[in-house]
Amino acid sequence: MKELGAYFQDIARRENIEYADIRIGYYRTQFLFLQDLSPKEINDEERMGFGIRVLYDGAWGFASSTKVEKAEIERVLKKAIEIAKASSLVKGEYRVKLAKEPVHVDRYAVPVEIDPFKVPVEEKIDLLYKVNDVMLKVKGIVKTYSHIEVRRRDQVFASTEGSLIETTIFTTNAGYTAFAVGNNDSQSRSFQDYPLNKGYEHIRSMKLLENAERIASEAVMKLYADEPDEALMDLVLDPAHLSLTIHESVGHPTELDRVLGYEANFAGRSFVTPEKLGNFRYGSPMVNFVADNTLPGGLATTGYDDEGVECQKWHIIKDGIFVDYSSTREVASILGFPRSRGSARADSFSSFPINRIPNLCLMPGKDPVTPEDLIAGVKKGVYIEGRGSFSIDQMRLNFQFGGDLFYEIKDGKKGRMLKNVIYQSITPQFWNSLDGVTDERFWEPRGFLTCGKGEPTQSAQMTNGAPYARFRNVKVGRGKR
Ligand SMILES: [Zn+2]
């Protein structure tokens, strides 16, 4: 594939265009899904192809193909140029400009101990079967789901600027859910998905089977749990839960394309407008959000993004103050930033790269603090584990989050289990109410494989890591079921 990248550079440089790049990709995805004791989906898919972007007179053209060979690259390049020329006629005042990026000739591969595709499907199915079997034996459990997903992406990126980058990315994930019925109610509890860019060693270290009975028992306990009081109270949130709150209330609103109005789908625009850079108090002084696309195992740790920009580490929120966005070469240049933050990603060779959330993580505290310490400081509140449903408004300000497991906190101690808890807040108010985080021992790099964005919709993966954190005086209520 590397030779084809060099060939593309050769022919594209002869054209009368401003810029062009190619991504040649090979993708393999294995998805295994069991319902109860029967496999419902065993999918092993391979795809290959390439996509070409062309910049002509300040306008983009894009075309792709599944036929990876020289003559086809030549044909698709011509097509992309034609489209760019047509776009340039209707572009109006706006001209695409790209922020500068050094030329990179490099190879990056995610380090893996065990190639997840070399582990037999039978072994994976057997593990999921055992997990479901253990859960089904718990009285009150009526249905179980479990899944393993492993991915590999090989990509060559080549641009007319001279960058030629080869990457190999592995991603592994697993999770499961138990459904319980009884006491005139139905409830579920999940072993939360925990995707990382690692080999099969990650799946083996997750203790899937060891936790199956506990997860199923907690689903049954939820049937008999009480609903919460509706009042202002304190929250202690676990990393798996916080990953979603972070994703929706910090990750998406700090995507620069959204801020500039180039993206309005999927709740949609953003309140984090450019005049807030460097002065807006997003959260309390304990709130530090670091974007780190060099994080080992991080889902957006790919060496380089999909327009050849090197993966970086930077603050989005520092000591509570909003200081930077995620960006692509195009949107970075609109605000006059010297360099893109390397957040342009496409979900396939046939998709145009768009501005994506990086590995965006809430930093742990420096002092030794345990989850129990956070709970000990709460008179009346709720402890929440795992992700549930959520909603957020078009500017990403007003939101509501559920969760997967809830306990009452009373006089500094975890008490009875609760169910159907939701909390409501406004993004800056919520992050300003944070007054405690655990230290790095309790920090977890949770993340997402299916972040939807764009039109047509693309799916992306990124890590949103967090410690446990405490929030004061948040409006708690009962979720409709
Ligand atoms: Zn998302």
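Buried residues (those with 20 or more other C-beta atoms within 10 Å of their own, the C-beta atoms being placed from the backbone) account for 49% of the 481 residues in the protein. The model is predicted; local features require pLDDT of at least 70 and side-chain atom pairs count only at pLDDT 80 or more, whereas totals for chains, interfaces and linings use all residues. Residues are numbered from 1 along each chain as its sequence is written.

The protein contains 10 helices and 24 strands, assigned as DSSP runs numbered from the N terminus (helices: H or I, at least four residues; strands: E, at least two). The radius of gyration, taken over C-alpha atoms, is 24 Å, close to the 23 Å that the globule rule (2.2 Å times the number of residues to the power 0.38) gives for 481 residues, so the protein is as compact as a globular protein of that length. The C-alpha trace spans about 70 × 55 × 40 Å along its principal axes. Of the contacts (C-beta atoms, placed from the backbone, within 7 Å) between residues at least 6 apart in sequence, 75% join residues at least 24 apart.

Four strands form an open sheet in the order E11-E10-E9-E14, with antiparallel pairing; strands pair if DSSP finds at least two bridges between them. Strands E11 (321-322) and E14 (360-362) lie at the edges, each pairing on one side only. Helix H6 (residues 239-251) packs on this sheet and touches E9, E10 and E14, its direction making about 115° with that of E14; such angles run from 0 to 180 degrees between N-to-C directions, and axes are lines fitted to C-alpha atoms, for helices over the stretch in contact. Within the sheet, E9 (residues 289-292) and E10 (residues 313-318) are joined in the antiparallel sense over four bridges, and Ala 291 stands opposite Trp 314 in E10.

A further antiparallel pairing over four bridges links E18 (residues 405-410) and E19 (residues 413-418). Tyr 407 has Met 417 in E19 as its bridge partner. Two residues separate the strands of this hairpin, in which Asp 411 takes a positive phi near 50°.

Helices H3 (residues 121-136) and H5 (residues 208-223) pack at an angle of about 25°, their axes lying 8 Å apart. H3 is therefore roughly parallel to H5, a class that comprises angles under 35 degrees. The contact involves residues of H3 including Leu 127, Val 131 and Met 135, and residues of H5 including Leu 209, Ala 212 and Ala 216.

Definitions and conventions: Two residues are in contact if their C-beta atoms, placed from the backbone, lie within 7 Å. A residue is buried if 20 or more other C-beta atoms lie within 10 Å of its own, exposed if 12 or fewer, and partly exposed in between; C-beta atoms are placed from the backbone. Angles under 35 degrees count as roughly parallel, over 145 as roughly antiparallel, 65 to 115 as roughly perpendicular and the rest as oblique.
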